[in-house]
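Follow the charged side chains through this protein.

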Amino acid sequence: MNWLFRRIDISTLVFFRIVFGLLALYEIVHFMDDGSQFKCLTGSSDFNFTYYGFEWVKPLPPETMYALCYFMVGLSLLVIMGYFYRISAFIYGLGYTYIYLIEKAYYLNHGYLFAMLCFLMCVLPANRAFSIDSRLNPSIRTQLIPYWSVFLLQFSMGVVYFYGGIAKLNPDWLRGIPLVYWLDGSAEEIPIIGHILDLDWVAVFMSYGGLLLDLTAVFFLSNKRTRGIFLMFVIFFHAMNKLIFSIGIFPYLSTGLSLMYFSPDWPRRLLHRFFPNYIDAEATLDTTDAMPSIIPQIWNKRLALGFIAIFCTYHILFPLRHFLIEGPTDWTEEGHRYSWHMMLRTKKGKGRFTVKIPSEDRVIKISTKDYLNKRQRKKLFTHPGMILQFAHFLRDKYQKKGYDDVEVYANVKSKFNGRGYSNIVDRNVDLAKIACCQPMRHEDWIIIRDDVYTYEHLEEKKKQRIEEKNEEMIQPDSTVVDSIK
């Protein structure tokens, strides 16, 4: 394991510290600018979907949340400048994770990745050069760091790429089905290339392109001969994702982490080209440089190896848990989160909840609009775990009114990748009596759909699209009609 402790240039880690800080700043500013999300996460909603084990996390009042966000803006700036770096990154990570945990409906894969990176960055010596900390405390200043500091960032991105590729090895993705629906009608929304994206073959081409990029990213980025060319594909891939989909900071974060595979001194050499009088391109080649202790005295090499082993083992094994759960995870959602199943399907749902009070022979039909915002309702009808949580909310609500024999039923139907609607939970099961979802096993009240990967609907969809295009072609131009009149 000595290769993990070999000394490398610190400049690539400093580069990522700045990128990380800029993205941290963007995330908080964007959060405050998103009115519906901010309202949902500040106690203005009647109900919040919580994460398993974190039901105790509650939203703050709007004024307090604004204060927290402005405080986190300041922390992100301190991370960029490398001032009180470790404590700033740690406190920012606590704030970001808190905001992340308030509402499950706003879960995004990059949010989970970024929260994990917040705490990882606290461990990494990213403030030992080009920082205020190193200026004020010369004893920590160094141009050399152990390779494991960069390896953990490489590993984090490698896991996302590889497991994202593994998840794409399903019949729908290999037929380009999800992208067919996402790109349908893009000609009108995306300038210049929109008409190209509307072609039938483009969806399949992009599907296989994304699959191959994810599965081979680690290999080609690790190879000195191929990483430069492959980076162009990475940038193009993420640029297209940013253009077509609304996926926040993920394209920028992924590109920044991909650059960690390059030679550790590339930022220094790049800056040397523009500022040769101020940046020494050969500074780190002096291996006699006395490297300050990167690990505090209470640590040692074995403890560092233990941390690395735990970190890597968790991120290798935890995304695989869905293989232990019965049923297709893209339909049941069991084991779906934190497994890097990214942009694999399109799901829509609809339904209603019914509260029954047998003692009074009462049946109450519930309107979800009275309790949830648009984003919450969209996720609710496609996620069984959220259906159960909302049922428990209704149960508790009516029990507080003095009704002890409350029953809650959900008649919810979902459609998967354009297939017809089908019940996702057993509508005859009283959800008020079901305990919370267990994270490592299938729940019997969740219906496993048999036709998740059948394709009869594709021919109907193609015929419909052809008919719509033919109708558009034969529609008379309005200006011509007016002139004839």
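Glu443 counts as buried, at 6% relative accessibility. Buried means under 20% relative accessible area, exposed over 50%, and partly exposed in between (1.4 Å probe, protein chains only). Glu443 meets the side chain of Arg441 in a salt bridge, at 3.9 Å from N to O. A salt bridge here is a side-chain nitrogen of Lys or Arg within 4 Å of a carboxyl oxygen of Asp or Glu. Arg441 is partly exposed, with a relative accessible area of 46%.

This is a predicted model: local features need pLDDT of at least 70, side-chain atom pairs count only at pLDDT 80 or more, and totals for chains, interfaces and linings use all residues. Residues are numbered from 1 along each chain as its sequence is written, and side-chain values use heavy atoms, leaving out hydrogens and water.

The structure holds 10 salt bridges. One of them joins Lys168 to Asp214, with the closest N and O atoms 2.7 Å apart. This pair links distant parts of the chain, 46 residues apart. Lys168 sits in the loop between helix 7 (148-167) and helix 8 (171-174), while Asp214 lies in helix 12 (residues 200-222). Helices are DSSP runs (H or I, at least four residues), numbered from the N terminus. Lys168 is buried, at 5% relative accessible area. Asp214 is buried too, at 4%.

Now take Asp265. Its salt-bridge partner is Arg269, and their closest N and O atoms are 2.5 Å apart. Asp265 is buried, with a relative accessible area of 10%. Arg269 is partly exposed, at 33%.

Finally, look at a network. Salt bridges link Glu333, Arg345 and Lys347.

Terms used
Helix = DSSP H or I, 4+ residues; strand = E, 2+ residues; numbered from the N terminus.
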